[in-house]
Amino acid sequence: MLDLIVIGAGPAGITASVYAARKKMDFLVISKDIGGQAAWSGDIENYTGYQFISGPELASKFEDHMRQYDITVKDNEEVREVKKLDGIISVASDKSAYEAKTVIVASGKKTRELNVPGEKEFKNKGLTYCATCDAPLFSGKDVAVVGGGNSGLDAALQLTKIARRIYLVNIAPEITGDPVMEEQVRKSSIITVLNDTRVTGVTGDKFVTGISIKRNNKEEALAVGGVFVEIGLIPNSGFVKGVEKNELGEIKVNCRNETNAGGIFAAGDVTDVPEKQIIIAAGEGSKACLSAFRYLLQHN
Amino acid sequence: MDKNVTVYSTPSCPWCLRVKQFLKEGNIAFQDLDVASNQQAAQEMIKKSGQMGVPVLDIDGEIIVGFDKEKIKAVLGI
């Protein structure tokens, strides 16, 4: 049986792994995508030691750091279930099953989906969750950005240089993003803000041709050639059984990264720690590993 | 024989950077087409892959959408 399994290889999981390697623990790392959300970030200017670094670059430095040690990394593998039974923690993935004395859940967050008809069908066929990546492909088109928070406003503003007309569809009665960006959005002559409006479906043929929206209790159709979904993130915590989570689904941890289940620790964006930052996730990862190490000393 | 590799990408997309970095590390020569500035390449990419997400790789006519490391390795035979 392993000492430890680290689930996730973003900033938290990678840092936990580096610490575990240096403690010479018998462990492995299971990761769906190395780098996690950090690899998706644009420009990073608040990670100490780097005045400026791009997300992919920092993620690749993290990975190099981890791989410097002789660590077993199960890449492209997704964990389906973690549960504790008779003091043993079992981890089942889409490829295999493992057992360990401790686990660090560092599985981060993922994009929140709309959960409306047509969404899955038209993913990457006019519907995208990465405005930064795909926006340039919508040159001259009418598009909808869904979400009135910072990422929605940011996507809409990026699109002002590319699209012909932009509908900003916001479920809340008012924009919730930063006032500075809201002002820029209001000033743009090609952005139409639709507050108090819910997207009820995505329609099209081979590619997206429109969305249906509901406002003032009325269904309307909006002809658009692109849909940018920017409605925030949800924690990847559903696979962890028997641990307490908050109303957002984040795993509850104390200041030692312990969950309510002994031997199961959690770190980074999947937890209820306030502030989701790369530097915080990395620090939490190291703390979780040291706590797991101490737990093993006490329970062996 | 070396395979003919084309990467369709946008300058702002993190996964495109990683795909290109991955190919460079493996000393794989490739043609990089920026679909943000090259509309013809954009149309070509959409036609070939039947979708609009980047990155897209064309390896000797085999189309791979996204940074699917395992699939890229398999098609390249590395």
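Of the 78 residues in chain B of this predicted model, 31% count as buried, a residue being buried if 20 or more other C-beta atoms lie within 10 Å of its own, exposed if 12 or fewer do, and partly exposed in between, with C-beta atoms placed from the backbone. Because the model is predicted, local features need pLDDT of at least 70 and side-chain atom pairs count only at pLDDT 80 or more, while totals for chains, interfaces and linings use all residues. Residues are numbered from 1 along each chain as its sequence is written, and chains are lettered from A in the order in which they are written.

Chain B has 3 helices and 4 strands, where helices (H or I, at least four residues) and strands (E, at least two) are DSSP runs numbered from the N terminus. Read from the N terminus on, these elements follow the order β-α-β-α-β-β-α. The radius of gyration of chain B is 11 Å, which agrees with the value near 12 Å that a compact globule of 78 residues would have; the radius is taken over C-alpha atoms, and the globule rule is 2.2 Å times the number of residues to the power 0.38. Along the principal axes, the C-alpha atoms of chain B fill a box of roughly 30 × 25 × 20 Å. The peptide bond from B:Val54 to B:Pro55 is cis, with omega near 0°, and B:Pro55 lies in the loop between H2 and strand S3 (56-59) of chain B.

The two chains also touch each other: 18 residues of chain B are in contact with 16 residues of chain A, contact meaning that the C-beta atoms of two residues, placed from the backbone, lie within 7 Å. On the side of chain B that touches chain A, the largest share, 5 residues, comes from H1(B). Helix H2 (residues 55-67) of chain A and helix H1 (residues 14-25) of chain B have axes that come within 9 Å and cross at roughly 50°, the axes being lines fitted to C-alpha atoms over the stretch in contact, with angles from 0 to 180 degrees between N-to-C directions. H2(A) and H1(B) are therefore oblique to each other, since angles under 35 degrees count as roughly parallel, over 145 as roughly antiparallel, 65 to 115 as roughly perpendicular and the rest as oblique. A:Gly55, A:Pro56 and A:Ser60 of H2(A) make this contact with B:Pro14, B:Leu17, B:Arg18 and B:Gln21 of H1(B).

Within chain A, helix H4 (residues 150-159) is mostly covered, as 7 of its 10 residues are buried. Among the elements that cover the buried residues of H4(A) are strand S11 (142-146) and helix H5 (179-187) of chain A.

A:Glu77 is found in the loop between strand S5 (72-74) and strand S6 (79-85) of chain A, and with 16 C-beta neighbours inside 10 Å it counts as partly exposed. Leaving aside neighbours within four places in sequence, A:Glu77 is in contact with A:Ile30, A:Ser31, A:Lys32, A:Ser93, A:Asp94 and A:Lys95.
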